[in-house]
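Good morning, colleagues. Please look at the model on the screen while I comment on one group of charged residues and on the confidence of the prediction.

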Amino acid sequence: QVIQVIRVALGILSLSGSLIMFLTLMFYGFYTKRTWRYVIMLSICAGLHGIADILLLGVSNPDICTAQSFLIQISQMAEFSWTLVVTLNLFFVINLGLVPDKTYEIAFHVIVWCWCIFTAFLPFYRNSYGLAGGWCWIKKSAQGFRWGIFYVPLIIQIIAISVICILVERKIRTLTSQQVSDARDDQHHLKHRLENSIKRLRAYPLIFIGLYFFPVVNRFYDTANVADSFPLLVLTSLSSSSIGLVNTLAFTINDEITEKWKSTLYCCFSSSGIHRETEGEDDVGGTGRTRGKGGGKAIKNEEESIDIEAHTITENSDTEVGERVTKHGEAEGGEITEISLT
């Protein structure tokens, strides 16, 4: 019952947070930028994971138990995979000076969803879905499936994401440290904005690594022992079921997002107040409405500005990388880099 309460409560919070992320990114036009579309996929997967945890309320029903097992498997594998895609995108842009085009995005979708669907349907072959402790997933008797289609891929992706994050961090330090003593004030400002942007996007891989620590520990314990460890089951539930909630918290501390929210609320309340007080100041109300409706254009303009800043920094710090970014940016119709999407 304790585990059920934890997972259902966190499932509701994660689902709500994922909906907030999804609606915010769609409303303000962030979906027009490729890296933000990867974050949208993360929010969708976390939302599915939240629904799976909520289904624990009906776990006594065999059909609901099977549905929960399937949703947990496909949503968590998708969370792993899209987190890796976000990290790879950072590596391509920062370390290789390469802007992934539409072909890369389509390839990511094909690979991720084919893999996730395959791993989610495979346990049906041996009827391996069922009660797995405090929730429904792959049965404890099917340890081969647990390791082969979940924990081995999870550990590989954790290692890969960790290595890529280290390489990206080293490259960022190199870019931001070169020519610092000779840089102008505006160049310092550009570098500061670039570094902050990448740090915000880097939060999602770090959240993924941190929250799946206890599930991995629990799986090693479960393999070596017949009886389950209740404390580890609780810690596993607290961590793995909260990924949608924690992603949302990381999302909301983004200054750009909070400013968009504040601007929208200000426009709504100020516009309604103006109409109540007077009908002769349509120009002020119109300004508020224009700002509210023009959110997508404002986002685009701001991101294009940071795109140019990122290219300027890279060009000044590493000519070869800058030339590659420019070349790929021109091929993409002026979309020089994706790191502004943070």
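Does Glu105 count as buried or exposed? At 5% relative accessibility, Glu105 counts as buried; buried means under 20% relative accessible area, exposed over 50%, and partly exposed in between, with a 1.4 Å probe and protein chains only.

This is a predicted model, in which local features need pLDDT of at least 70 and side-chain atom pairs count only at pLDDT 80 or more, while totals for chains, interfaces and linings use all residues. Residues are numbered from 1 along each chain as its sequence is written, and side-chain values use heavy atoms, with hydrogens and water left out.

A salt bridge here is a side-chain nitrogen of Lys or Arg within 4 Å of a carboxyl oxygen of Asp or Glu. Glu105 forms one with Arg34, with the closest N and O atoms 3.1 Å apart. Glu105 lies in helix H4 and Arg34 in helix H2, so this pair ties together parts 71 residues apart in sequence; helices are DSSP runs (H or I) of at least four residues, numbered from the N terminus. Arg34 is also buried, at 5% relative accessibility. Arg37 forms a salt bridge with Glu105 as well, at 2.8 Å between the closest N and O atoms.

Lys102 pairs with Glu105 at 3.9 Å, and Lys102 is partly exposed at 47%. Shared partners join Arg34, Arg37, Lys102 and Glu105 into one network.

Finally, confidence: the mean pLDDT, the predictor's confidence in each residue from 0 to 100, is 76 for the protein. Over residues 274-342 the pLDDT is below 50. Where pLDDT is low, the predicted coordinates should not be read in detail.

How values were computed: Contact means heavy atoms within 4.5 Å. Helices (H or I, at least four residues) and strands (E, at least two) are DSSP runs, numbered from the N terminus.
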